[in-house]
Amino acid sequence: MRATVSGRKPADPTRVRRPFLILVTLIALAGCALVFKGLYIHAKAALAQTLLETSFTRGIGKPEATRPWPWADFTTEARLTARRLGKSNIVLSDAGGEALAFGPALLGGTAKPGEAGTSVIAAHRDTHFRWLKDVRPGDLIDVTRRDGGSATFIVRSARIAHSDASGIDPHRDGHWMALATCWPFDAAQRGPLRYIVDAERVDDEATLRRVASTEAGLIAAR
């Protein structure tokens, strides 16, 4: 004879499972939302880069700068290419918040790349300028400007400096380019330190051929 406990009813299995199933469903929906959000962000970024490249290519040699999309508050000004690393970016016209979200931007008031003085180009360390950590002295960086001009720079140094004491002189003698981003590269938050790559324009063909030959050998050996 089976004993029973008076005054208590057996638990309903459906009532036990229902909250669990609801919880699992909510977790699954949240996971799907995060996945779709990630895919959307990547798709949006890819589309933006395509529009930037198209805008720059179509605008080469034209008297007026073009916007990559109608509501953009910046224009495409140049293409930056690091030969050895095989990295390329479209440089935008203003180092403001919106521009830096899409690519490196030329700091207002500084020279255009290739002109006398120092052109200062900034970008985020975790996206468009992440490759700066792999740049080394002697690397060649090509610049093609919207006006059709072009120049080749050789990296002279890479250094860490405080944002208030960068050591960048916009009126420096010669033709220089400073590529700047936040440092350290793996930091979670923005700090006061900057990583700066100083590059000088090189017009001597013999030097360019020698460095290019060395870089080609390094690329082939990878």
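Visitor: What makes the pair Arg79 and Glu53 a salt bridge?

Guide: This is a predicted model, and in it the side chains of Arg79 and Glu53 meet at 2.3 Å, N to O. The cut-off is 4 Å between a side-chain nitrogen of Lys or Arg and a carboxyl oxygen of Asp or Glu. The value of 2.3 Å lies within 4 Å, so the pair is called a salt bridge.

Visitor: Which parts does this pair tie together?

Guide: Arg79 belongs to strand S1 (residues 76-82) and Glu53 to helix H1 (residues 13-59), so the bridge links parts that are 26 residues apart in sequence.

Visitor: Why is Glu53 called partly exposed?

Guide: Its relative accessible area is 31%. Buried would need under 20% and exposed over 50%, so Glu53 falls in between.

Visitor: How do you know that S1 pairs with strand S2?

Guide: Pairing requires at least two bridges, and six join S1 to S2 (residues 87-92), the strands running antiparallel. One of the residues involved is Arg79, whose bridge partner in S2 is Ile90.

Visitor: Why is the contact of Lys133 with Asp134 called a salt bridge?

Guide: The closest N and O atoms of Lys133 and Asp134 are 3.5 Å apart, and the limit is 4 Å, so the pair qualifies. Lys133 has a relative accessible area of 40% and Asp134 one of 39%; both values lie between 20% and 50%, so each residue is partly exposed.

Visitor: What does the salt bridge of Glu200 with Arg156 tie together?

Guide: The closest N and O atoms of Glu200 and Arg156 are 3.0 Å apart. Glu200 lies in strand S8 (residues 193-201) and Arg156 in strand S6 (residues 150-162), so this bridge ties parts that are 44 residues apart in sequence. Glu200, at 24%, and Arg156, at 44%, are partly exposed.

Visitor: How many salt bridges does this rule give?

Guide: The count is nine.

Visitor: How do you know that Arg125 has no salt bridge?

Guide: The nearest side chain of opposite charge, Asp126, is 5.8 Å away. The limit is 4 Å, so Arg125 has none, although it is buried. Arg125 sits in the loop between strand S4 (117-122) and strand S5 (140-145).

Visitor: What does the side chain of Arg125 reach?

Guide: It reaches the backbone oxygen of Ala187 at 3.4 Å. Beyond its neighbours within four places in sequence, Arg125 has contacts including Arg130, Trp183, Phe185 and Gln189.

Terms used: Residues are numbered from 1 along each chain as its sequence is written. This is a predicted model: local features need pLDDT of at least 70, side-chain atom pairs count only at pLDDT 80 or more; totals for chains, interfaces and linings use all residues. Side-chain values use heavy atoms; hydrogens and water are left out. Helices (H or I, at least four residues) and strands (E, at least two) are DSSP runs, numbered from the N terminus. Buried means under 20% relative accessible area, exposed over 50%, partly exposed in between (1.4 Å probe, protein chains only). Lys and Arg count as positive and Asp and Glu as negative; His and the chain ends are not counted. A polar contact is a pair of N or O atoms within 3.5 Å; within protein, one must be able to donate a hydrogen and the other to accept it, and residues adjacent in sequence count only if both atoms are side-chain atoms. Contact means heavy atoms within 4.5 Å.
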